[in-house]
Amino acid sequence: MQIYLPIAEISVNLFLLLGLGIGVGFLSGMFGVGGGFLMTPALILIGVPPPVAVSTQANQIVASSVSGALAHFRRKTLDVKMGLVLLVGGVIGSTSGVFLFSLLQRLGQIDLVISLSYVGFLGSIGALMFIESVNAIRVRRKLARGGQMPRRGRRKRNWIDTLPLKTRFPVSGLYMSVIPPIVIGLLVGILVAVMGVGGGFVMVPAMIYMLRMPTNVVVGTSLFQILFVTALTTFLQAAQNQTVDIVLAFLLIVGGVVGAQLGARAGAKVKAEELRAALAIIVLAVCLALAWGLVATPNEFYEIIEAGGQAT
Amino acid sequence: MTRYLRHLFAAVVLAAWAAFAAHGAPPEGDPPPADILAALTEETVQIRSNFAGAEITLYGAVRGFEEGDDIAIAVRGPARDVRVMQKVRTLGIWINRAPIRFESVPGYYAVAATAPLSEFASFSALRRNSLGTGHVYLSAPETESLETRFGVSDVRVSTLGAEIVDYREALVRIKNRDGLYYEASDGVELIEGGLFSAEVRLPPRTPVGIYQADVYLFRDGEPIASRRVALRVEKAGIERLIYEMAHNSPLAYGLVAVILAVVSGWGAAEIFRRR
């Protein structure tokens with residue numbers, strides 16, 4: 001059954017879209033990630049114009065992060081102050097990202113920038129995750145054989161501690177400058193606008209390793225920031241570029257919700273390290289597929305860029 | 001009564017004059033050698049949520065049709081400016097470079113005829129009426145200059161030289177791949193005594209707007225009569241509502257999109273929590 005998407009202006013199979021939503025939702029429920037980094041390339045692959053795919057995906061992440069953010073808020077595993085500081089950066093990043101997006105669209109380079117950012121981010125994140133999970137599996141095996149847990153060195157003072165504008169974050173138990181969280185929020189905001197991802201895969205490691213936040217509040221705080229930044233991005237993309245497709249977003253939300261529930265149940269049965277290694281392999285596979293698209297000789301050496309009403 | 005008739009007569013003459021004026025006046029004095037009547041099975045194509053392309057029939061009759069005459073029809077969609085970019089390998093990856101802007105490119109262009117175009121029409125007639133995918137009028141004003149060549153002034157010359165041809169061909173090729181440009185040399189069916197019909201395929205990607213279908217009667221390589229009918233492609237129902245809201249009140253649309261996502265995400269989580 002075909003369904004016509006009013007903003008994407010293409011006709012797509014309804015069950016393909018629902019299946020895609022369930023599939024990506026399953027993976028995101030299983031691995032506890034947003035899934036935007038898988039959904040956006042998949043949408044582009046089935047013919048959704050990249051600007052519509054990225055903006056609509058931001059809209060879908062609003063739905064997938066709202067329930068998680070609420071749950072963490074209820075359980076108080078969320079540093080609201082840190083979230084708000086991240087959000088300040090996020091708002092600046094997302095706003096400039098949306099304008100950067102329309103500029104790149106006019107220059108005809110948006111597809112290239114989307115692909116390049118995906119290859120760069122997925123490549124480095126996937127490689128880091130893979131190395132980390134393989135090490136974790138090794139350590140676990142060693143422990144099982146009666147080995148000793150490797151000792152962590154005492155944390156040293158570094159350049160982050162020398163920055164001004166220090167403030168206290170009571171929930172995280174930190175006393176630090178607001179500049180690093182604002183910069184992290186800003187970078188993630190740009191990622192949301194340009195790549196259509198929540199940015200959790202960048203923010204969570206940054207919060208743990210750079211801000212040294214306690215792990216129990218990291219996920220909740222990152223979901224809090226993602227919820228507001230994706231909501232703002234959706235609004236701005238709709239206002240500036242008219243690229244949010246409500247019909248597409250709704251179908252992805254429906255599929256995603258069902259898939260996430262199934263995935264969460266399946267994920268509970270698998271060990272965390274193996275799960276992370278599997279996710280790393282998926283991330284690297286998507287990265288390689290996109291990289292291949294950049295370097296492989298194309299079938300068509302020309303491309304048409306619709307001027308979108310007013311030409312520059 | 002006589003006044004009524006006079007009005008009616010005036011209206012008919014006016015309509016006929018308007019139809020001819022649109023295609024240049026016929027040679028003065030001579031009665032037109034032939035005349036075309038044409039209509040579409042649907043004058044409005046509506047894009048609804050189950051739209052997956054459409055097929056409509058253009059049919060009509062030629063008065064004064066003679067053995068050996070040929071019919072060609074051209075359907076042109078709403079014109080837009082587009083840019084064509086060339087992919088160039090830079091540091092190992094393919095990057096879009098060297099954009100060329102083409103003005104008023106038809107978003108849809110279909111030609112159907114009773115025989116291959118070059119068999120019954122002269123090259124200049126095809127070029128003049130931009131008939132055939134090789135003759136679509138594609139103008140890139142930024143790359144053109146007017147020069148005097150061989151003593152002829154104001155000759156349009158591309159500053160790109162032969163390269164512009166590659167761009168033009170690429171534009172037609174890409175549109176053809178998407179089903180938006182095509183040429184069917186046996187697309188017009190002659191029934192008998194000048195009755196004809198042709199199928200027009202609109203792909204799912206077909207642009208919204210006013211289309212013009214021109215019917216040409218060819219005799220001895222030249223078009224001797226033509227007729228234009230209009231076709232409208234529009235979004236309808238919920239698709240139209242959404243599209244218009246997104247473009248006319250983008251702020252409200254953005255808010256609705258966010259609220260919809262918050263409510264459905266939260267609602268779904270509640271449903272699963274209860275179970």
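Q: Which residue stands opposite L5(A) in β2(A)?
A: Start with the general idea: strands of a sheet pair through backbone hydrogen bonds, either parallel or antiparallel. In this predicted model, the residue facing L5(A) is I10(A). Strand β1 (residues 2-5) and strand β2 (residues 10-13) of chain A pair in the antiparallel sense, with four bridges between them. The hairpin they make has four residues between the strands, and E9(A) takes a positive phi near 60° there.

Q: In what order do the four strands of the open sheet in chain B come?
A: Read across the sheet and you get β1-β3-β12-β11, with antiparallel pairing. The edges are β1 (35-40) and β11 (188-190) of chain B, each pairing on one side only. On average, neighbouring strands here are turned by 20° against each other, direction ignored.

Q: How many bridges join β3 to β12 in chain B?
A: Eight bridges link β3 (residues 54-63) with β12 (residues 195-202) of chain B. To follow one of them, find L58(B): its bridge partner in β12(B) is A198(B).

Q: How do I read a salt bridge inside a helix?
A: Here's the idea: an α-helix has 3.6 residues a turn, so residues three or four places apart point the same way. Now take E244(B) and R240(B), which both lie in helix α5 (residues 237-248) of chain B, four residues apart, or about one turn. Their closest N and O atoms are 3.2 Å apart. E244(B) is partly exposed at 35%, and R240(B) is partly exposed at 34%. Elsewhere, salt bridges that share partners join E66(B), D69(B) and R219(B) into one network.

Q: How far does helix α6 of chain A reach from its first C-alpha to its last?
A: Its 17 residues (179-195) reach 24 Å, close to the 24 Å expected at 1.5 Å a residue. Its buried residues include P180(A), I184(A), V188(A) and L191(A). Just after the helix, G196(A) takes a positive phi of about 70°.

Q: Is I22(A) buried or partly exposed?
A: I22(A), found in helix α1 (residues 14-31) of chain A, is partly exposed at 32% relative accessible area. Together with V258(A) and L262(A), I22(A) forms a nonpolar surface patch of about 210 Å² accessible area.

Definitions and conventions:
Residues numbered from 1 in each chain as written. Chains lettered and ligands numbered in written order. Predicted model: local features only at pLDDT ≥ 70, side-chain atom pairs only at ≥ 80, totals over all residues. Heavy atoms only, no water. Pairing = 2+ DSSP bridges. Helix = DSSP H or I, 4+ residues; strand = E, 2+ residues; numbered from the N terminus. Axes fitted to C-alpha atoms, helices over the stretch in contact; angles between N-to-C directions. Patch = residues over 30% accessible without salt bridge, like charges linked within 9 Å, V, L, I, M, F, W, Y side chains within 5 Å. Areas by Shrake-Rupley, 256 points an atom, 1.4 Å probe, with all protein chains shown as cover. Salt bridge = Lys/Arg side-chain N within 4 Å of Asp/Glu carboxyl O. Buried < 20%, exposed > 50% of the residue type's maximum accessible area, 1.4 Å probe, protein only. Expected span 1.5 Å × (residues − 1).
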